[in-house]
Structures are given as structure tokens and as C-alpha cells.
Amino acid sequence: MFRLLSTIFLVSLGIFLYSYFRELNPGTVAIRTSPDALFELSPVTLVLLSIALGAVLVTLIVTIKETSHVFMNWRTNRLVRRKEKVDALHRDGTHAFMSKRTADAVRLFERALVIDPNRTDSLLWLGNIYRSESNFTEAIRLHQQAHRIEERNVEILLELAKDLEGARRYEDALQTLQDILRLEPDNLMALIRKRDLYIRLEKWSDALEIQHRLAKAHLPESERRTEANLLLGCTYEVGRQLLERGHPDKARRYFRGAIKKDRTFLPAYIGLGEILVREGKTKNAVEILKKIYAKTRSVIILHRLEELFLELGEPDEIILNAGCGACHKIGSLGEAHKVGPDLTYIGLTAGERVPEMSAEAYIRQSILEPNAYLAPECPNAPCLPNIMPQNFSSRLSPAQIDTMVTFLLAQQGPEPTPVPIGGGFAATPAPKAAAAAKVAAPQTT
């Protein structure tokens, strides 16, 4: 009732005010809306129409703004709900993958991508799963899609490089790693991956260039030592590759550079020796390697030395480098009255030591299995097992062993008086504690 009375009062007041102001402002105002249309309005009517039109416009603007606000709120809420759903699917997918339910993880990530195709972390995880299953084509597609969405995302580029490397698209992988380094020139992961790929492709010069940068990086002490060792190895490999390609002078610089970094780096000395051999200076190479072997007692150096002695026709050097002269007298080699038996006449006596075993077979087995049979007598005491080194089979190559056997067969000296089998000096089997492979023939009386 109050609202009705208020309305009547306001309408009446409006009519009164309109009439009052119209009386105060007599006359008309002509308004043309077209060349032929003319309207005459009182000033008060014109003012009221103007006010009404302004009110309508304001109402329309406010309505549009409020409607837009309502629509934006609805759209925002919808996007939030969609994001929450995608987040839940992605989270469930990661949990499934961590629980080794790969099929469920793939299904959940794919559902997340159906809702939001631009979800880069879902693309990243799904691509990694496909790569783990060696489906490199699909992994590359997904990671390339993620890269198109976030072109400067280094993590995506690193995963894409792994995909390309797995697919054996090595040049594309290198280009992807280079893209990372353009974004982050000091990215250690990209540098390491690029170096490793160059090593895999045996592009040692490129690997060495990167390794110089890694060796200067701020790394923990243990990692710095590892990188320094890799720098040494890459330097050597560049020299080796140059030598193989026929550039000995360039190779020599790299070998010397490796030695300068580490005086104990044996492969570089062997590399320098190879250069001298190719230059026809084999004896110079032998002298260098002999000096290094005297300092290091390295089996690697010993093997190469023995190969060079074979080339030079000096098997006695193999005997000495193997350490035989330290215990045995062998003709003019070694000294008498040492621990082991005198081998000056072994070429004559070896064939009589064990029945039905040739001299060559006896000598070979005595080198490879020193405990199989013991010599009849030693200079200062009975011959004992486990005195002679047991590792000549791994220390010497088959060719070197053949050379030693041939050399020892040739040691026949002045004709000795043979000791017949069963005469008290037959070869005796090693004690049971020794690793004897055979049993000597029984003695005869």
C-alpha cells in the first residue's frame, strides 16, 4: 500500500513540476529528423526526453557490463573446474607411472590432453613413457608439440634430444642441444649430452672443444677430477684419430699435450711410440717404452714392447721383460743359482720330463700352468709350487707365448747327460694344495 501511494505521489509531483516549468518556458523548439520530418517540442519536453534517453543509455551500458561480468565469471569458473579436472588426471597419471602401471598412466595422460591439448607437462610425461617403450616416433611427436607451445622450455628440448638420439637421428639431436645452448650458453646438462654424443660419433675434436669448457666449469672437486680425466682421454683420442688419418705431426702435439697434463698417462706414450714406428724409428720407440715400463711396470706397456721386440726379432727381450731372468738362467740371460731351475738346456730336457708329452707342450704348460709339474731340481732347494707367477696367460698374448716357447726350445747348450724317467729325477706332480691340472706318470724302478 505504501509503495502504491509513493508511486502516485511521485507521478503527481512529476506532472506538477512539468506543468510548472512548461508555464515558465513557453514556446516551442523545432527539431528536424530528416528534410521532410519536423517536430516541435516545448523546451521542458525536450529536456525530459533528453534525460529519459540518457537514462536508457546508462541502463543499457550497465546491463551490458553486468552481463559481461556474469559471463566472464561463468567462463572463469568453467576453466577453473576444467583445470582442476586436468590436474587430477595428470596427478593420477604420474602416480600410476610411479607405481609401474604404465598402461593406466598412458590412459590418464591422454584423457588430460583431450581436455587440454596444450598441457605441456602431460605431453612431456607421455612422451617420456613412449620413449621408455622405444616408441621414439610418438615420443618425438609429443615433445615437438610441447616445444611449439613453449619454445624456450629447456626441459622439453632436453627430452626431445633424448628422443632423437634414441631414434638414431644424431644430427637432429645435436641441433636440438645447440638450440638449448643458444638459450643458455652455460647449460651443463646440454654440454655434457652434446659431448657424449660427439664421443659416440667419434667426433673427438668437437668433443674436446666442449670438454675444455666443462673442465673450467664450477663443479664439485670429485666431478672436476672426472672431467679432467675425460679431457685427458679426449686429447689422446684426437691424437690417435689424427695418426690414423695420416697426420703424425699433429698427432704428436696432442700426445705430448696429454703427457703434459698427466705424466703417468700411458696411452699417450704408446701413441708417441707408434709415431716413431711409422717413421721407421722402432728402436727409438722401444727405448721410450722401456723407460716408461721401468717406472710403471705396466702390463700394457709390456705387451707393446714385446710386440716391438717380435718385429725387431729380439725374443730374448720378451724373456727379460717378462721377468724370467730374475729367477732363471737361460743361456747368456739371467744369473745362475737363483730361485728357479737353469733353463740353458731346456730345449733338450723338456721332452724327457713327462712321458708322452712333447718338449713344446711341456714348456707351454709350464709357462701357462706353472704348478702342473715341478722341475726335478732347483739351484738352492727342491722346487716348490706357487713360486713362479701364475698369470702369464693373461699377461702375455698368444703370439708372445709362442715366441717364448720357440726361444726356449732353442736353448740346447752343450749336450747334457739325459736323466731318464724313473731315475730319481722325474718331474713330480705338484702337491694337492697346488692347482695341478695333471698327474705325473708313476716312477719306474
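**Reading the model**

Author: Happy to! Let's start at Phe16, which sits in helix H1 (residues 2-24); helices (H or I, at least four residues) and strands (E, at least two) are DSSP runs, numbered from the N terminus. Bear in mind that this is a predicted model, where local features need pLDDT of at least 70 and side-chain atom pairs count only at pLDDT 80 or more, while totals for chains, interfaces and linings use all residues. Residues are numbered from 1 along each chain as its sequence is written, and side-chain values use heavy atoms, with hydrogens and water left out.

Reader: Is Phe16 buried or exposed?

Author: The general idea is a scale: buried means under 20% relative accessible area, exposed over 50%, and partly exposed in between (1.4 Å probe, protein chains only). Phe16 counts as exposed because its relative accessible area is 52%.

Reader: Which residues form the nonpolar patch on the surface?

Author: First, the rule: patches are made of residues with over 30% relative accessible area and no salt bridge, with like charges joined within 9 Å and nonpolar side chains (Val, Leu, Ile, Met, Phe, Trp, Tyr) within 5 Å. Here the nonpolar patch consists of Phe9, Leu10, Leu13, Phe16, Leu17, Tyr20, Phe21 and Leu24, and together they have about 810 Å² of accessible area. Such areas come from the Shrake-Rupley method with a 1.4 Å probe; for residues, only the protein chains shown count as cover.

Reader: What about the chain as a whole?

Author: The protein chain has 19 helices and 4 strands. Of its 445 residues, 36% are buried. It exposes about 27000 Å², and carbon and sulfur atoms supply 57% of that area.

Reader: Which residues form the positive surface patch?

Author: For charge, Lys and Arg count as positive and Asp and Glu as negative; His and the chain ends are not counted. Each charge is placed at NZ of Lys, CZ of Arg, CG of Asp or CD of Glu. In this model Lys260, Lys261, Arg263, Lys291 and Lys295 make up a positive patch. Helix H11 (248-261) and helix H13 (282-296) are the elements that give two or more residues to the positive patch. Lys260 belongs to helix H11, and this lysine is exposed, with a relative accessible area of 70%.

Reader: How many salt bridges are there?

Author: Side chains of opposite charge can pair when their charged atoms come close. The cut-off for a salt bridge is a side-chain nitrogen of Lys or Arg within 4 Å of a carboxyl oxygen of Asp or Glu. By this rule the count is 25.

Reader: What is phi like at Lys100?

Author: Phi of Lys100 is near 65°, a positive value in a residue other than glycine. Lys100 is placed in the loop between helix H2 (43-98) and helix H3 (102-115), and at 75% relative accessibility Lys100 counts as exposed. Asn386, also not a glycine, has a positive phi of about 65°. Asn386 lies in the loop between strand S3 (373-374) and helix H18 (392-395).

Reader: Finally, which residues does Leu183 touch?

Author: Contact means heavy atoms within 4.5 Å. Not counting residues up to four places away in sequence, Leu183 touches Glu151, Arg152 and Leu157. Leu183 is in helix H7 (residues 170-183).
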